[in-house]
Amino acid sequence: MKLIEDWKQAWKLKSVQVGALSAIFYALILFADQFVQVWHIIPQDLKNHIPEQWQEYVGCFVGVAMILARLKKQPELHEVNQFVTVTAGHSNKDPGAVNSKFKEAELVSQFRNAVAYYLREAGIQYKTDGVGTLNQDLNSAIKLIQGSSVAVEFHMNAAVSKQANGIETIALPKDKKLAQDLSKAVAGIFGSRLRGDNGWIDQSQSARGKLGFISNGGLIVELGFISSEVELAQFNAKYWTAAKAVAKVLIEYEKRN
C-alpha cells in the first residue's frame with residue numbers, strides 16, 4: 001500500500017478533517033454514557049490543569065456528550081413494567097356459572113371494578129378489560145398481560161354440591177407466594193377456607209388443565225363458589241372489603257418489585 005505524497009500533512013485536508021470529526025462524533029454517540037460518568041469522577045484539581053486554550057473545546061465536548069447520553073434510548077426507563085392488569089372472567093356474552101339471578105361474569109366485573117378503584121386511589125397504574133358492566137372476552141384480557149408487572153383475573157367456582165367451598169388462586173409456580181397472599185386476603189374477609197396449597201393451585205394440578213390467561217403469565221383468583229349460598233352471600237355483602245384487601249396485596253407487590 002502506497003501513501004499519498006506529503007501524507008504527514010494529511011490532517012490539513014478537509015476530507016480528513018471531516019472524517020476525523022465524524023469518527024469522533026460516532027464514538028461519542030456510542031460511549032457518551034461512559035464518557036460522562038468518567039468525567040464526573042475526575043477530581044476537580046485535575047480538571048483545573050486543562051490548558052486554558054483547550055477548556056472551551058473540552059466544555060463543548062462534555063456538553064455534547066451529556067446531551068447524547070440523555071437522548072440515547074434507555075431500556076431501564078422505557079421498557080420497564082409499569083402497570084397492574086386486573087380483569088374479570090368470562091364476558092358480556094358468556095355469563096360463566098349462574099346461581100339464580102346471579103351470574104359469575106357480572107359479579108367478578110363488580111369485584112374487578114372495586115380493585116381498580118383502590119389501585120387508582122393508591123396512585124397505581126393499571127389496565128382493565130372494561131369499566132362498569134363492560135367485560136371483554138379472554139383474548140382481550142390476555143393482550144393486557146404483556147408489559148404488566150402482574151396480571152390478575154377474577155372468577156368464581158361452581159360445583160354440583162352446594163357444600164363445596166373455599167378460595168384458591170391458580171398460578172404458575174413462580175407466582176406461588178403471590179397466589180397464596182391473594183387467596184388469604186379474600187378468605188380472610190369472606191371467612192372461607194383455603195384450597196390447594198395454602199390457597200395456591202398449580203396450573204398443572206387444576207381440573208381445568210392449561211389456561212390461556214395463566215400460560216401468558218397471569219393469575220386467576222377464584223373468589224369462592226357461586227353455587228354455595230353461604231359464599232355467595234358473603235361475596236355480595238363484603239366484596240368491596242375483599243377487593244380492598246386484594247388491592248393492598250397488589251400494591252405491596254408493586255412496591256417490592
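Tutor: Two strands pair if DSSP finds at least two bridges between them. Keep that rule in hand as we go through this predicted model.

Student: What makes S1 and S5 a pair?

Tutor: Five bridges join strand S1 (residues 84-88) to strand S5 (residues 150-157). The rule asks for at least two, so S1 and S5 pair. The two strands run parallel. Val84 stands opposite Val150 in S5.

Student: What makes S1 and S4 a pair?

Tutor: Three bridges join S1 to strand S4 (residues 126-128). At least two are needed, so these strands pair too. They also run parallel. Thr128 in S4 is the bridge partner of Val86.

Student: How many bridges join S5 to S8?

Tutor: Five bridges join S5 to strand S8 (residues 219-225), and the two run parallel. That count meets the rule of at least two, so S5 and S8 pair. His155 stands opposite Glu222 in S8.

Student: Which order do the strands take in the sheet?

Tutor: The order is S4-S1-S5-S8-S6-S7, in an open sheet of six strands with mixed pairing.

Student: Why are S4 and S7 called edge strands?

Tutor: S4 and S7 (200-202) each pair on one side only. From one strand to the next, the twist averages 25°.

Student: What packs on this sheet?

Tutor: Helix H7 (residues 176-190) does, touching S5, S6 (168-171), S7 and S8. The direction of H7 makes about 25° with that of S8.

Student: Why is S1 called mostly covered?

Tutor: Five of its five residues are buried. Val84, Val86 and Ala88 point one way, Thr85 and Thr87 the other way, and all are buried. In a regular strand the side chains alternate between the two faces of the sheet.

Student: What do the buried residues of H5 pack against?

Tutor: They pack against S1, S3 (102-103), S4, S5, S8 and helix H9 (229-256). The buried residues of H5 include Leu107, Phe111, Val115 and Leu119. Residues three or four places apart in an α-helix point the same way. Just after H5, Gly123 takes a positive phi of about 80°.

Student: Why is Arg112 called buried?

Tutor: Buried means under 20% relative accessible area. Arg112 has 0%, so the word applies. This residue lies in H5. Leaving aside neighbours within four places in sequence, Arg112 is in contact with residues including Val86, Thr128, Asp129, Asn135 and Phe154.

Student: Which way is the crossing of H5 and H9, left-handed or right-handed?

Tutor: H5 passes H9 in a right-handed crossing. Their axes come within 8 Å and cross at roughly 35°. Among the residues making the contact are Phe111 and Tyr118 of H5, and Phe235, Trp240 and Ile251 of H9. By class, this contact has 17 nonpolar, two polar and one charged residues.

Student: How many helices and strands does the chain have?

Tutor: The chain has nine helices and eight strands. Buried residues make up 40% of its 257 residues.

Student: What share of contacts join residues at least 24 apart?

Tutor: The share is 77%, among contacts between residues at least 6 apart in sequence.

Technical notes:
Residues numbered from 1 in each chain as written. Predicted model: local features only at pLDDT ≥ 70, side-chain atom pairs only at ≥ 80, totals over all residues. Heavy atoms only, no water. Buried < 20%, exposed > 50% of the residue type's maximum accessible area, 1.4 Å probe, protein only. Helix = DSSP H or I, 4+ residues; strand = E, 2+ residues; numbered from the N terminus. Axes fitted to C-alpha atoms, helices over the stretch in contact; angles between N-to-C directions. Contact = heavy atoms within 4.5 Å. Left-handed = near helix turned anticlockwise from the far one by under 90°. Nonpolar A, V, L, I, M, F, W, Y, C, P; charged D, E, K, R; others polar.
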